[in-house]
Amino acid sequence: MYVNGASLLGSLWLLLATVQGQSAGTVYDLPGPTVPIVEPAVNYNYPLGSQPLHEYPGGYYRAASTFNFPTSTALSGALNVLKPGGMRELHWHANDEWAMVINGSCRGLVMEYGTDHPINSWDYMEGDVWYFPTNFAHALVGLQAGCTYLTVYNVGGFDDALDSFGLSNWLSTAPPAIVAQALGITPEAVTANIVPGLNTFMPQGNLATLLAGETDQSPILAATNSLAQPIMVTAGNYRIPLLSGVQPEVLTDGGDIHVAHAGNFPVSTNMTGAFVHLHPGAMRQFHWHPNENEFQYIINGTLQFGVFNGTGRVSEGFGGPGDVGYAPKGSGHYFINTGNTDAYVILVWDKGLFTNVEVENFLGVFSPSWVATSLNTSLAFAQSLSTSTTGIVAKPTYRPPGAPVNATPSPTIEANPPARAFGVPTPVQTGNP
């Protein structure tokens, strides 16, 4: 049946009047302060620094993965300490590795793909960063003063001591006859020299022998009359001197931030890292990352963390030296130095290039009237907000009631700390360090 325009408009008017009449007096279920939604807090920080160091002949190790830090679903990390001559054995793993030397120095070797599988060899000093791509074979050795370094991996459930593909465990778990056939030796030679089920992880070597042996002619290159590459001194590739050679991206009265990303460290295609220095009372600004998860490691200082992950989902906590934090992609987060000494933090993201959205960006690009309406506040208040900060907010200091002031001692991490009461492991490592 044909309905003319007037009849249609009249019908709609009657329908609207009926609906309005039926809805008169309805109380809308709008979010607001009258019925706060509070969900159980999620732990986005973990006291890694208070966990025992697992001792190996060549060094010490403690790790944070989803095994003991369940919320860190996309990134995992570990504190590693190599004694002089202590070695992180020849190995590879099915994820990328981003690392920074905290103190001391070490030599790192990484094998590239290619016909000759070239070896790159680098000396890493304090403040230097390396990046080893997925399944690139590599190894490390502590130099004269030993080496303390942080490693971060772009898989949340990864523990280097348990999940790496190590040379020792590979050859010690295969049948001796198979290993013998592969390497052109006798089964008796295999059983006499390789302990079954071995996982050296951090063996102790002779530093002079290891450094001299690095320049030895390798069998695979002997056929081409080539020598193994010597120490490379060119900038870039698998090393970036983050603190000594990279200008800070942020420099304010509150501190500074140095960043190594795929733009200035091209080999680091899947991960980005930063070194953050905060003066007492300074704050890493409210912000979020649209596509990146963030792993945090405190070198020194006492920090308050805050992570906002949706309506009613807010988690706050405190961390000290050696502790770790995590902020999922898209979550609003911050941290503030609540202590009275400078704080130093390493941040790592699971993208080669990453994006920050700071709160000043968020509020500064919208009209104050939109901000005021969103906050249900006055236009004058919205116009008073500062939107010119740059990543680190300087003092005045905010210290929430009950916040610890350097509650955890913050000495320089020792390159070769004394043995903890954790026992010396057998050659076969079991369990979670």
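Start with strand E18, residues 314–319. Its covered face holds Ser-315, Gly-317 and Gly-319. Its uncovered face holds Val-314, Glu-316 and Phe-318. In a regular strand, side chains alternate between the two faces of the sheet.

Some ground rules. This is a predicted model, where local features need pLDDT of at least 70, side-chain atom pairs count only at pLDDT 80 or more, and totals for chains, interfaces and linings use all residues. Residues are numbered from 1 along each chain as its sequence is written, and side-chain values use heavy atoms, with hydrogens and water left out. Strands (E, at least two residues) and helices (H or I, at least four) are DSSP runs, numbered from the N terminus.

Which strand is joined to E18 by 6 bridges? That is E17, residues 303–308, and the two run antiparallel. Strands pair here if DSSP finds at least two bridges between them. Leu-303 has Gly-319 of E18 as its bridge partner. The hairpin of E17 and E18 has 5 residues between the strands, and Gly-310 there takes a positive phi near 125°.

Next, the open sheet. It has 7 strands, in the order E1-E19-E16-E21-E14-E13-E12, with antiparallel pairing. The edge strands are E1 (45–46) and E12 (250–252), and each pairs on one side only.

E12 pairs antiparallel with E13, residues 255–260, over 3 bridges. There, Thr-252 stands opposite Gly-255. E13 then pairs antiparallel with E14 over 6 bridges, and Ile-257 has Val-276 of E14 as its bridge partner. E14 in turn pairs antiparallel with E21, residues 343–349, over 7 bridges. In that pairing, Thr-272 stands opposite Trp-349.

Is E14 enclosed or open, and why? Strand E14, residues 272–278, is largely enclosed by the rest of the structure, because 7 of its 7 residues are buried. Buried means under 20% relative accessible area, exposed means over 50%, and partly exposed is in between, with a 1.4 Å probe and protein chains only. Thr-272, Ala-274, Val-276 and Leu-278 point one way from E14. Gly-273, Phe-275 and His-277 point the other way.

On to the cores. A nonpolar core is a set of buried Ala, Val, Leu, Ile, Met, Phe, Trp, Tyr and Cys residues joined through side-chain atoms within 4.5 Å. The largest has 55 residues. Trp-130, Tyr-297 and Ile-346 have the most contacts inside it. Strand E6, residues 97–111, gives the most to this core, with 7 residues. Apart from it lies another core of 17 residues, among them Val-250, Phe-335, Ala-343 and Trp-349.

Now the aromatics. Rings of Phe, Tyr and Trp (its six-membered ring) pair if their centres lie within 6.5 Å; planes under 30 degrees apart count as stacked, over 60 as edge-to-face, and the rest as tilted. The structure holds 16 aromatic pairs. Take Phe-362 and Phe-366: their ring centres are 6.2 Å apart and their planes are at 85°, so the pair is edge-to-face. Phe-362 is partly exposed at 42% relative accessible area, and Phe-366 is partly exposed at 43%. One aromatic cluster is formed by Tyr-124, Trp-130, Phe-132 and Tyr-149.

What lines the second largest pocket, by class? The lining has 9 nonpolar, 8 polar and 2 charged residues. Here Ala, Val, Leu, Ile, Met, Phe, Trp, Tyr, Cys and Pro count as nonpolar, Asp, Glu, Lys and Arg as charged, and the others, Gly among them, as polar. Of its 19 lining residues, the closest to the centre are Phe-286, Val-307, Phe-308, Gly-332 and His-333. A pocket is an open set of points on a 1 Å grid over the protein atoms alone, where a 1.4 Å probe fits, with protein on both sides within 12 Å along at least five of seven lines; lining residues have an atom within 4 Å of a point. Among the elements that each supply at least two lining residues are E17, E18 and helix H9 (359–364).

Asn-135 has a positive phi near 65° without being a glycine. Asn-135 sits in the loop between E8 (128–132) and E9 (138–153), and is partly exposed at 34%. Asn-376 also is not a glycine, with a positive phi of about 55°. Asn-376 lies in the loop between H10 (368–375) and H11 (379–384), and is exposed at 75%.
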